[in-house]
Amino acid sequence: MFAAKAIDTSDKPTFYRDLATQLKALLEGERDSIANAANTAALIFQMVPDLNWAGFYFLQSDEEMVLGPFQGKPACVRIAVGKGVCGTAVELGTSMLIKDVHDFPGHIACDADSRSELVVLLEDDEGVFGVLDLDSPLPGRFDKADQAGIETLAAIYAAASSFED
C-alpha cells in the first residue's frame with residue numbers, strides 16, 4: 001500500500017522532483033482518471049504547504065468545465081471557459097500564476113479565504129481537457145518553481161490516466 005513520505009520543502013525543485021516520484025508510485029498500475037485525480041489532489045493537498053484547495057476541473061464542452069475530485073472546502077461546480085482564473089487558463093492555453101486573486105479581474109471567489117492561485121493545464125494527445133487548480137490563503141504563495149513542479153505533476157496524472165468512456 002502507498003504511504004506518502006515527508007519531503008523537505010526548503011528546495012522547491014528537489015521537493016517537486018521527490019513529489020513527482022511519489023505521485024508516479026501512487027498512480028502506478030491504475031488507469032481510472034477519476035481515481036487518479038482523487039489521489040493526485042489528495043497527495044498534493046497533503047504534501048504542498050500552505051494550500052486551502054487543490055483539485056481538478058474537467059472540460060465538459062468547449063464552453064464549460066465541471067468540478068472534479070478535490071481537497072478543501074466545497075467549490076464552484078461549473079466554470080465557463082474564459083471566466084475566472086481556471087477558465088482564462090483554458091481560453092489562453094497557458095498556466096496562470098496569480099499572486100493576489102483580488103487583483104485578477106473576474107476572479108471567481110469559491111472560497112473567500114483564497115488569496116493566490118496556480119492553475120495548470122491538463123493535456124493529452126487530443127489537447128487540453130481540464131485544469132489542476134491550487135489555492136492558498138497566502139498572497140504570493142506560488143512562484144515559477146511551483147508552476148514548473150505542478151505542471152510536471154499534471155503531466156504525470158494525464159499520462160497515467162485513461163480518458164476513454
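1. Strand E4 (residues 96-98) and strand E5 run antiparallel and are joined by three bridges. Ile98 stands opposite Glu117 in E5. Two strands count as paired if DSSP finds at least two bridges between them. Helices (H or I, at least four residues) and strands (E, at least two) are DSSP runs, numbered from the N terminus.

2. The model is predicted: local features need pLDDT of at least 70, side-chain atom pairs count only at pLDDT 80 or more, and totals for chains, interfaces and linings use all residues. Residues are numbered from 1 along each chain as its sequence is written, and side-chain values use heavy atoms, with hydrogens and water left out.

3. E5 and strand E6 (residues 127-136) form a hairpin with two residues between them. Nine bridges join these antiparallel strands, and Glu123 has Val128 in E6 as its bridge partner. E5 (residues 116-124) is largely enclosed by the rest of the structure, because seven of its nine residues are buried. Buried means under 20% relative accessible area, exposed over 50%, and partly exposed in between (1.4 Å probe, protein chains only).

4. E6 is also joined to E1 by six bridges, again antiparallel. Here Phe56 has Leu132 in E6 as its bridge partner.

5. The whole sheet is open and has six strands in the order E3-E2-E1-E6-E5-E4, with antiparallel pairing. Its edge strands, strand E3 (78-80) and E4, each pair on one side only. From one strand to the next the twist averages 25°. Helix H4 (residues 144-160) packs on the sheet and touches E1, E4, E5 and E6, its direction making about 35° with that of E5. Contact means heavy atoms within 4.5 Å. Axes are lines fitted to C-alpha atoms, for helices over the stretch in contact, and angles run from 0 to 180 degrees between N-to-C directions.

6. Helix H3 (residues 84-92) is mostly covered, with seven of its nine residues buried. The buried residues are Gly84, Val85, Cys86, Gly87, Thr88, Ala89 and Val90. Their cover includes E1, strand E2 (64-72), E3, E4, E5 and E6. Just after H3, Gly93 has a positive phi of about 70°.

7. One cavity of 30 Å³ or more is found in a search of the whole structure. The largest cavity holds about 160 Å³ of space. E1, H3 and E6 are the elements that give two or more residues to its lining, and H3 gives the most, with three residues. The lining has 17 residues, of which Ile108, Cys110, Glu117, Asp133 and Asp135 lie nearest the centre of the cavity. By class, nine residues of this lining are nonpolar, three polar and five charged. Ala, Val, Leu, Ile, Met, Phe, Trp, Tyr, Cys and Pro count as nonpolar, Asp, Glu, Lys and Arg as charged, and the others, Gly among them, as polar.

8. The largest pocket has a volume of about 180 Å³. Eleven residues line the pocket, and Ser33, Phe58, Gln60, Phe129 and Phe163 lie nearest its centre. Helix H2 (33-47) and strand E1 (53-59) each supply at least two residues of this lining. The lining of the largest pocket has six nonpolar, two polar and three charged residues.

9. On terms: on a 1 Å grid over the protein atoms alone, a cavity is a set of points where a 1.4 Å probe fits but cannot get out, a pocket is an open set with protein on both sides within 12 Å along at least five of seven lines, and lining residues have an atom within 4 Å of a point. Grid points are joined across faces, edges and corners, and a volume is the space filled by probe spheres set on the points.
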